[in-house]
Amino acid sequence: MIDISEYIRDIADFPKPGVVFKDITPLLLNAEATRECLTQLVSLVNDEKIDKVIGIESRGFFFGMMIAQELNAGFVPLRKPGKLPFDTYKEPYSLEYGMDVLEMHEDAIKKGDRVLIHDDVLATGGTARAACNLVERAGGIIVQCNFLMEIEFLRGADKISKYDTASLISY
């Protein structure tokens, strides 16, 4: 089995001084490591029925779409403001270095849809919390919040503690 953490590169002071960015580009460059990462992410879901997989812009799109295909589920992109062409729900959130907004098409999640939320990293939890709020506003049921990695000292899991949360790597 491949150690996925060997394909995560630290970039100091990005996007601002004091932040250590976890770069997944080396992982994406290696087809074998990418396949293994996908297998491990899907295994976190166990045998739960999933109707829709949410991928959070932008790095959540990489594995989110692949997870959706593996689970025979629809894929829902959550985007930054003004990027989606149809009517949207909007949800503001704070990140470790500022504020932003996520949007989701209003018709993406149907009442009762079983939803897996995926992103590459769980840091402060603001983005994940915003995604949960969007899913619940649309009437979806959150089965799991699923991450490639978690930065534990930032305590982001506290913001989504009422949901099943799983990560492959913890820092």
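**View 1. Q144 sits in strand β8.** Helices (H or I, at least four residues) and strands (E, at least two) are DSSP runs, numbered from the N terminus. This is a predicted model, where local features need pLDDT of at least 70, side-chain atom pairs count only at pLDDT 80 or more, and totals for chains, interfaces and linings use all residues. Residues are numbered from 1 along each chain as its sequence is written, and side-chain values use heavy atoms, with hydrogens and water left out. Q144 has 3% relative accessibility, so it counts as buried (under 20% relative accessible area; exposed is over 50%, partly exposed in between, with a 1.4 Å probe and protein chains only). A polar atom of the Q144 side chain is 3.0 Å from the backbone oxygen of L44, and a polar contact of 3.1 Å links the side chains of Q144 and N146. For a polar contact, two N or O atoms lie within 3.5 Å; within protein, one must be able to donate a hydrogen and the other to accept it, and residues adjacent in sequence count only if both atoms are side-chain atoms. Neighbours within four places in sequence aside, Q144 is in contact with residues including L44, V115, I117 and A166 (heavy atoms within 4.5 Å).

**View 2. Five strands make an open, parallel sheet.** The order is β4-β3-β7-β8-β9, where strands pair if DSSP finds at least two bridges between them. β4 (74–78) and β9 (165–170) are at the edges with a single partner strand each, so one side of each has no neighbour in the sheet. Neighbouring strands are turned by 20° against each other on average, direction ignored. Axes are lines fitted to C-alpha atoms, for helices over the stretch in contact, and angles run from 0 to 180 degrees between N-to-C directions. Between β7 (114–122) and β8 (141–150) there are 8 bridges, and D119 is opposite F147 in β8. Helix α3 (59–70) lies across β3, β4, β7 and β8, at about 145° to β7.

**View 3. Here are the 2 aromatic pairs of the structure.** Rings of Phe, Tyr and Trp (its six-membered ring) pair if their centres lie within 6.5 Å; planes under 30 degrees apart are stacked, over 60 edge-to-face, the rest tilted. F14 and F21 are edge-to-face, at 5.1 Å centre to centre and 85° between the planes. F61 and F75 have centres 6.1 Å apart and planes at 85°, so this pair is edge-to-face. F61 belongs to helix α3 and F75 to strand β4, so the pair ties together parts 14 residues apart in sequence.
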